[in-house]
Amino acid sequence: MSKLLIVESPSKAKTLKKYLGGDFEVLASYGHVRDLIPKNGAVDPTQQFAMKYDIIDRNSKHVDAIAKAVKNADSIYLATDPDREGEAISWHIAEILAEKKLIKNKLIKRVEFNEITQTAVKHAIDHPRDISMDLVNAQQARRALDYLVGFNLSPLLWKKIRRGLSAGRVQSPALRLIVERELQIEAFTSQEYWSIHMSALKHAHGFDAKLVQLNGQKVEQFTVTQHDQQADIVGKLLLASAGKTTVTRVEKKQRNRSPAAPFTTSTLQQEAVRKLGFTTSRAMRVAQQLYEGMDVGSGTVGLITYMRTDSFSLAAEAVMQIRDYVKKHFDADYLPKSPIMYKTKAKNAQEAHEAIRPTDITRTPASVRQYLNDEQFKLYEMIWKRTLACQMTQAKYDAVSVDLAVGSDATLFRASGQTLVFPGFIAVYMEGKDDDKEDEDAEAKLPHLETGEVLTVEKIFGEQHFTEPPPRYSEASLVKALEEYGIGRPSTYASIISTLQDREYVILDKKRFTPTDVGRVVNKFLTEHFTQYVDYDFTAKLENELDEIAEGNLDWIPVMDKFWQGFNQQIIGKADVERPGNELIDELCPKCGRQLQKQLSRYGSFIGCTGYNATPKCDYKRNLDGEANAASEPVVIGLDAETSKDIYLMNGPYGPYLQVGLPVEGEKKKPKRVSIPKEIPLSQVNIDTAHMLLSLPRDLGNHPETGKKIIANIGRFGPYVNHDGKFKSIPKTESVFGIDLAGAVTLLAAASGPAVLADLGAHPSGEGRVEVFSGRFGPYVQHAGIRATLPKSVTPEELTLEQALELLTEKAAKGGGKTTGRRTAAKKAPAKKAPAKKAEVKKTTVKKAPASKAATAAPKKAPAAKPAAAKRTKKAAE
């Protein structure tokens with residue numbers, strides 16, 4: 001009897017094949033197989049939100065392979081990931097097979113396992129189920145909501161702000177969080193305050209105490225706010241103390257600290273950012289690798305349970321195994337009398353059955369170290385330690401608090417300290433914190449003190465402080481905020497953050513998010529005109545309704561209809577709103593006297609005259625810092641002595657540049673121009689800088705081997721040296737004006753080819769390696785003459801072989817990315833044309849809400865031609 005198991009990932013397929021043996025063929029769908037057609041009308045609100053799906057181009061060959069295998073199989077098991085997305089993928093596969101009339105009387109079932117171990121997989125195969133249409137409907141509702149927002153709101157942003165922008169049901173509230181935090185920082189006014197301290201001595205043991213009560217009044221943060229005030233207080237206290245202080249209170253007690261719960265998706269991302277320096281997307285990619293399976297010598301096995309979960313619970317068998325490990329490897333005091341249970345915070349912890357844990361706690365990090373790369377080892381070690389620690393006893397501290405009187409009992413200083421007396425779980429793992437400020441008294445050691453003791457005062461002094469604005473969001477704190485506000489779900493946090501960066505709405509600087517000018521304008525437009533749809537409570541309520549759909553408590557059509565009625569009216573009503581981005585400022589134009597305004601251009605914000613479109617026209621513009629702004633109209637820097645023409649500061653698609661004179665109609669010779677290096681601020685571009693830059697290119701002399709000239713210059717990609725048509729970028733440590741002949745020769749000697757950033761391994765075909773290179777336009781992946789540029793949100797260090805293969809496949813399908821060798825070959829005499837094959841027309845399927853909870857639905861008989869995917873509509877849907 002032939003059996004077919006369908007999973008999402010090819011690496012998971014390899015692992016499962018080893019478990020299931022020869023009776024099973026295991027194929028991968030490579031993620032989603034169908035998506036909404038990328039054009040308006042893919043979701044039809046007038047027909048109960050009927051959805052038009054089409055097979056994703058890059059995965060069509062995988063669908064064909066599955067269809068071919070189904071013909072020879074008696075039983076089909078859909079083993080996609082155990083969450084809503086996975087359930088939807090299984091449903092889509094079943095729908096495609098039904099449309100192709102390949103199922104007929106064959107068994108088709110859904111199997112689900114939370115960990116890839118032989119026991120878990122075989123148990124799932126023995127206990128299959130039907131596809132859960134509640135989960136499918138929840139996913140369809142989410143996808144339809146995202147589509148309707150994207151395809152209706154994004155074009156409005158193009159019209160009112162600029163093309164290429166996008167809005168999203170979840171990304172927009174996330175952007176609002178970042179922008180509002182930045183506005184809080186900008187509006188913040190720092191306040192001065194002082195704290196008063198005393199250094200006391202008992203014999204040779206010194207310690208510090210802080211003033212908490214002055215003349216019977218409690219000392220607050222802003223009780224002392226000036227230098228003179230604190231100096232007066234310190235002077236009086238010194239006189240009152242006469243060098244002595246009396247212990248008036250000693251309080252001793254034991255404090256306990258409990259271990260953190262096992263990892264959920266959210267807390268795993270937060271800790272990976274804090275402790276390991278990962279990005280959220282990098283953490284999820286590495287976790288995926290650990291889940292899908294690694295060869296650890298004895299065979300391939302999944303090392304952790306499914307990594308998309310918001311549940312804190314652990315399987316009873318896992319808890320017992322963890323407790324057994326603690327019992328064998330630690331003293332008895334480290335094992336609690338009974339298992340520790342953790343209550344899940346999420347209302348509907350639907351994204352899996354367990355928290356993230358090792359599939360086998362006895363598989364220690366040290367035992368698998370040799371089989372993992374550095375990233376995999378670090379993440380596995382953190383998950384292993386956190387899981388072990390969650391079933392260990394509390395840490396115990398001895399805490400002491402002491403009050404010291406100066407002059408009278410009405411003026412008190414307080415000293416606190418604590419000492420770790422039993423580590424408990426801390427012996428294995430300590431949870432990280434965002435913006436961690438260690439308690440001043442955390443491990444302070446105080447001498448043994450008794451009430452009534454008189455101690456020596458070494459000094460009394462004041463410390464100056466200034467209040468600080470709230471910190472910008474880091475990836476970890478943003479994920480925490482998204483979870484607290486109920487924006488999105490843990491499985492979507494990484495993609496939310498990546499989208500905000502890819503759209504250039506925010507930048508990550510020093511591991512903190514700062515909104516760009518465009519991000520601010522988009523957020524202002526949305527909060528002013530679509531307040532409800534970027535409201536945190538509204539977004540969270542919608543997420544809860546999606547959870548209710550997944551639980552079978554709500555029908556998805558009424559939820560969609562309620563949303564659409566209000567949202568559509570908003571879109572219609574805002575068609576004629578004014579273009580945002582221009583803010584009047586309290587300043588008059590020095591050129592014409594009209595009011596100035598802050599404006600947004602393609603290259604950023606600047607100050608411009610409101611008379612730009614008036615009569616007579618005023619074209620005054622300047623940068624926000626008052627200097628000439630290359631993002632606006634040309635600005636005259638000075639006169640070029642050689643040509644007696646004005647030197648203009650201008651901006652082009654590749655950044656600011658200098659140009660001698662303006663183009664003259666009829667003249668073929670273009671004006672001389674030179675790019676301004678990034679390391680030279682625009683505020684420093686004066687006539688001397690201009691003359692220096694316009695002196696380029698520099699003749700460095702002749703190459704000692706070839707005798708040919710070497711020049712140094714600045715191009716669209718920065719400073720470079722050029723010799724005989726061979727270019728090499730000048731590193732940031734050098735200057736185009738400082739590099740000499742010897743330095744240029746050394747650079748050119750190293751320019752034999754693009755730098756290899758990463759070797760991802762052999763291609764599955766066995767032909768060559770898949771490698772990541774550093775290119776002129778950024779890093780790219782290459783194999784067999786095909787090049788594909790990496791997305792902005794993915795670094796070479798984070799890229800996996802599987803992702804690289806998808807990028808290459810997608811690039812090849814578009815007919816692009818061929819290297820020079822391919823273009824050279826194309827110049828040969830063309831071969832005779834083969835007879836043209838009849839073009840195949842792909843089917844577009846319209847799906848309405850399924851009426852039953854059966855695993856499959858009847859195929860539709862009215863296919864439509866696949867629509868062309870216009871770039872602008874595709875981008876809006878993202």
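## Sheets, helix contacts and buried residues

Three bridges join strand E11 (residues 244–257) to strand E16, and the two run antiparallel. You're looking at a predicted model, where local features need pLDDT of at least 70 and side-chain atom pairs count only at pLDDT 80 or more, while totals for chains, interfaces and linings use all residues. Residues are numbered from 1 along each chain as its sequence is written, and side-chain values use heavy atoms, with hydrogens and water left out.

**The chain overall**

- The chain has 22 helices and 36 strands. Helices (H or I, at least four residues) and strands (E, at least two) are DSSP runs, numbered from the N terminus.
- Of the chain's 878 residues, 48% count as buried. Buried here means under 20% relative accessible area, with exposed being over 50% and partly exposed in between (1.4 Å probe, protein chains only).
- Take the contacts in the chain with a separation of 6 or more: 66% of them are between residues 24 or more positions apart. A contact means heavy atoms within 4.5 Å.

**Strand E16 and its partners**

- Two strands pair if DSSP finds at least two bridges between them.
- Look for Ser 199 and you'll find that its bridge partner in E16 is Lys 459.

**A parallel sheet with a helix on it**

- Four strands make an open sheet with parallel pairing, in the order E2-E1-E6-E7.
- Its edge strands are E2 (24–28) and E7 (107–110), each of which pairs on one side only.
- From one strand to the next, the twist averages 20°. Angles run from 0 to 180 degrees between N-to-C directions, and axes are lines fitted to C-alpha atoms, for helices over the stretch in contact.
- Five bridges pair strand E1 (residues 3–7) with E2 in the parallel sense, and Val 7 stands opposite Ala 28 in E2.
- Helix H1 (residues 10–20) packs on this sheet and touches E1 and E2. The direction of H1 makes about 170° with that of E2.
- A handy tip for tracing any of these strands: in a regular strand the side chains alternate between the two faces of the sheet.

**An antiparallel sheet**

- Another open sheet of four strands has the order E27-E28-E29-E30, with antiparallel pairing.
- Here the edges are strand E27 (698–702) and strand E30 (726–729), and each pairs on one side only.
- On average, neighbouring strands of this sheet are turned by 25° against each other, direction ignored.
- E27 and strand E28 (residues 709–715) pair in the antiparallel sense over four bridges, with Gly 701 opposite Ile 710 in E28.

**Helices that cross**

- Two packed helices are described by the angle between their axes and the distance between the axes.
- Helix H3 (residues 84–99) and helix H5 (residues 133–160) cross at roughly 100°, and their axes come within 8 Å. That makes H3 roughly perpendicular to H5. The cut-offs: under 35 degrees is roughly parallel, over 145 roughly antiparallel, 65 to 115 roughly perpendicular, and the rest oblique.
- Among the residues making this contact are Ala 88 and Trp 91 of H3, and Leu 135 and Gln 139 of H5.
- By class, the contact of H3 with H5 has six nonpolar, two polar and four charged residues. Ala, Val, Leu, Ile, Met, Phe, Trp, Tyr, Cys and Pro count as nonpolar, Asp, Glu, Lys and Arg as charged, and the others, Gly among them, as polar.
- Helix H8 (residues 265–276) and helix H12 (residues 374–389) pack at about 120°, with their axes 11 Å apart. H8 and H12 are therefore oblique to each other.
- The residues in contact include Leu 268 and Glu 271 of H8, plus Met 382 and Arg 386 of H12. This contact divides into six nonpolar, one polar and four charged residues.

- Tyr 19 sits in helix H1 and counts as buried because its relative accessibility is 11%.
- Leaving aside neighbours within four places in sequence, Tyr 19 is in contact with residues including Ile 116, Val 121, Lys 122 and Thr 300.
- Tyr 19 and Lys 122 are 103 residues apart in sequence, yet 8.1 Å apart in space, C-alpha to C-alpha.
- Arg 176 lies in helix H6 (residues 171–187). With 17% relative accessibility, Arg 176 counts as buried too.
- Not counting residues up to four places away in sequence, Arg 176 touches Asn 523, Thr 527, Val 534, Asp 535 and Tyr 536.
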